[in-house]
Amino acid sequence: MKKIVLLLALTITFGTYSQDSEIADKQKIKYVIHQFFESLETKDSVLMQETTMDEAQIWRRYNNKKPIEMDMRFSKDNLPKMHTLPKVKEVALEFEISVGNGIAMAWVPYEFWVEDKFSHCGIDAFTLFEVDGKWKIISAAYTVEKQKCKRLTEKK
């Protein structure tokens, strides 16, 4: 009987620790994504490097073009020209994050502003790895929507 109680107590303890750890990881991942957005807004290449792996890929899909256009670039290719970008702001509307064994996926609907004017909306899909206790973006894929944005349909 003592063994069963001990086993039950250990199971509950490890389960609680696992849930707390996952919640903490999700908060860290949200923070990294917000830092990534901040690096775009402030044109901070050092912050961009802190949030992404050197070989991180960024994929873009234009859904409003026919045929649909897609392209890819490496995060590191953005760094030298960040200071030349126009004033931008990306706003996360919500986060859906899955975490397991040092890898995470974040599904983030967003709105994008250029020079204080609404430009488009879309979905960001981030993949992150935990490296030396820190989460880093290894890939980002996003859609560019010019017509199906809630903000645009609310104005009509």
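In this predicted model, the mean pLDDT of the chain is 87, and 85% of the residues reach a score of at least 70. Residues 5-17 form a stretch where the pLDDT falls below 50, and beyond near neighbours in sequence this stretch makes zero contacts in the model. Where pLDDT is low, the predicted coordinates should not be read in detail.

The chain contains four helices and seven strands. Read from the N terminus, the order of these elements is α-α-β-β-α-β-β-β-β-β-α. Of the 156 residues in the chain, 31% are buried. When contacts between residues at least 6 apart in sequence are considered, 50% of them join residues at least 24 apart.

The largest nonpolar core comprises 26 residues, and those with the most contacts inside it are Ile29, Ile33, Phe36, Ala106, Phe126 and Leu128. At least two residues of this core come from each of α1 (2-42), β1 (52-62), β3 (88-92), β5, β6 (117-131) and β7 (134-144). Helix α1 makes the greatest contribution, giving six residues to the core. With residues up to four places away in sequence not counted, Ile33 touches Phe95, Ala106, Val108 and Phe126. Two of these partners, Ala106 and Phe126, are themselves listed with Ile33 among the core residues that have the most contacts.

Strand β1 runs antiparallel to strand β2 (residues 69-74), and six bridges join the two. Together they form a hairpin in which six residues lie between the strands. Within this pairing, Arg61 is placed opposite Met70 of β2. The loop between β1 and β2 holds Pro67, and the peptide bond leading from Lys66 to Pro67 is cis, with omega near -5°.

Strand β1 also includes Asp54. This residue, Asp54, is classed as exposed because its relative accessibility is 56%, above the cut-off of 50%. Although 82 residues separate Asp54 from Lys136 in sequence, their C-alpha atoms are 9.8 Å apart in space.

Ser98 has Met105 of β5 as its bridge partner. The hairpin of β4 and β5 has two residues between its strands, and Asn101 in this hairpin adopts a positive phi near 55°.

In the loop between β5 and β6 lies Asp116, a residue other than glycine whose phi is positive, near 65°. Because its relative accessibility is 57%, Asp116 counts as exposed. The loop between β6 and β7 contains Asp132, which is likewise not a glycine and has a positive phi of about 50°. Asp132 is classed as exposed because its relative accessibility is 78%.

With a cut-off of 2.5 Å between cysteine sulfur atoms, the number of disulfides comes to one. The bond is formed by Cys121 and Cys149, whose sulfur atoms are 2.2 Å apart. This pair links distant parts of the chain, as Cys121 belongs to strand β6 while Cys149 lies in the loop between β7 and α4 (150-155), 28 residues apart. The link of Cys121 and Cys149 is left-handed, with -95° about the S-S bond. Both Cys121 and Cys149 are buried.

Notes: Residues are numbered from 1 along each chain as its sequence is written. This is a predicted model: local features need pLDDT of at least 70, side-chain atom pairs count only at pLDDT 80 or more; totals for chains, interfaces and linings use all residues. Side-chain values use heavy atoms; hydrogens and water are left out. Buried means under 20% relative accessible area, exposed over 50%, partly exposed in between (1.4 Å probe, protein chains only). Contact means heavy atoms within 4.5 Å. Two strands pair if DSSP finds at least two bridges between them. A nonpolar core is a set of buried Ala, Val, Leu, Ile, Met, Phe, Trp, Tyr and Cys residues joined through side-chain atoms within 4.5 Å. pLDDT is the predictor's confidence in each residue, from 0 to 100.
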